[in-house]
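Visitor: I'm new to reading protein models. Could you walk me through this one, please?

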Amino acid sequence: MIAIIDYGVGNIKAFANIYKNFNMAFKIAQTKEDLTGATKLILPGVGSFDHAMQSLQNSGMREKLDDLVLEKKLPVIGICVGMQMLAKNSEEGKLPGLGWINGVVKKFETSKLSQNMPLPHMGWNAIEFVNSNRLTDNLESNPRFYFLHSYYFECNDNSDTLALADYGNKFTCMVNHHNIFGIQCHPEKSHHNGMQLLKNFGEL
């Protein structure tokens, strides 16, 4: 059972529709009780880092999620700001992140961006896999995904980097540490490659 975590931040309906079309069992979790019976977790997120972290804390699900991910080792994928929340902290805010992956979130350096590369980084961009696992099965070589962000995840351990994209400089756009996954781009807006990635996660 895939639990899509609804803490008031993220496009919950889009993910629900995708898994409904795949005929995969899912539920929308708004309380810690809703997480009972979950075997996989999706943590979406949009907007600012601190707002997302505070909203998750206010939901009452934080401690239960820590237990499911860190102790029970349930597969989880953070998406967009949901990926950034996996880090220890972010330059965008003051609150600590979940700390599930050893890394920090940094803002793109405008000095390294040309005039035709504004912030936020918005639109389609190819990604390059530096590692592979079941999440990347059946994706195109250097597949294109849709991005919308001004901050990126910097892993303290390079082995946690799953894929890179280039915007002025190469940056980590997918992470993986054991049962924990993150993707900076929006798979729900990335057509067939995004659908395949979400299907792969559902089949882990």
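Guide: Glu-203 forms a salt bridge with Lys-199, and their closest N and O atoms are 2.8 Å apart. A salt bridge here is a side-chain nitrogen of Lys or Arg within 4 Å of a carboxyl oxygen of Asp or Glu. Before we go on: this is a predicted model, where local features need pLDDT of at least 70, side-chain atom pairs count only at pLDDT 80 or more, and totals for chains, interfaces and linings use all residues. Residues are numbered from 1 along each chain as its sequence is written, and side-chain values use heavy atoms, with hydrogens and water left out.

Visitor: Is Glu-203 buried, partly exposed or exposed?

Guide: Buried means under 20% relative accessible area, exposed means over 50%, and partly exposed is in between (1.4 Å probe, protein chains only). Glu-203 has a relative accessibility of 40%, so the label is partly exposed.

Visitor: How many salt bridges does the structure hold?

Guide: Besides the pair we began with, Asp-66 bridges to Arg-62 with the closest N and O atoms 3.1 Å apart. Lys-170 also bridges to Glu-128, again with 3.1 Å between the closest N and O atoms. The count for the structure is 5.

Visitor: How far apart are the end C-alpha atoms of helix 5?

Guide: The expected span of a helix is 1.5 Å times one less than its number of residues. Helix 5 (residues 191–202) has 12 residues and should span 16 Å, which agrees with the distance between its end C-alpha atoms: 17 Å.

Visitor: What volume does the largest pocket have?

Guide: Picture a 1 Å grid over the protein atoms alone: a pocket is an open set of points with protein on both sides within 12 Å along at least five of seven lines, and lining residues have an atom within 4 Å of a point. Here 14 residues line the largest pocket, with Gly-47, Cys-80, Val-81, Leu-148 and His-149 nearest its centre. Helix 4 (81–84) and strand 8 (144–149) are the elements that give two or more residues to this lining. Grid points are joined across faces, edges and corners, and a volume is the space filled by probe spheres set on the points; for the largest pocket that comes to about 170 Å³.

Visitor: Which residues does Ser-150 contact, leaving aside neighbours within four places in sequence?

Guide: Ser-150 lies in the loop between strand 8 and strand 9 (151–155) and is buried, with a relative accessible area of 19%. The C-alpha atoms of Ser-150 and Phe-108 are 6.1 Å apart, though 42 residues separate them along the chain. Contact means heavy atoms within 4.5 Å, and with those neighbours left aside the partners of Ser-150 are Lys-106, Lys-107, Phe-108, Leu-119 and Pro-120.

Visitor: Is the peptide bond from Leu-119 to Pro-120 cis or trans?

Guide: Most residues other than glycine have a negative phi, and most peptide bonds are trans. Pro-120 is in the loop between strand 6 (103–107) and strand 7. The bond from Leu-119 to Pro-120 has omega near 5 degrees and is cis.

Visitor: What is the phi of His-191?

Guide: Lys-73, in the loop between helix 3 and strand 4 (76–79), has a positive phi near 60 degrees without being a glycine. His-191 is found in helix 5 and is exposed at 53%. His-191 is not a glycine either, yet its phi is positive, at about 55 degrees.

Conventions: 1 Å grid on protein atoms, 1.4 Å probe; cavity = no way out; pocket = protein on both sides within 12 Å on 5 of 7 lines; lining within 4 Å. Helix = DSSP H or I, 4+ residues; strand = E, 2+ residues; numbered from the N terminus.
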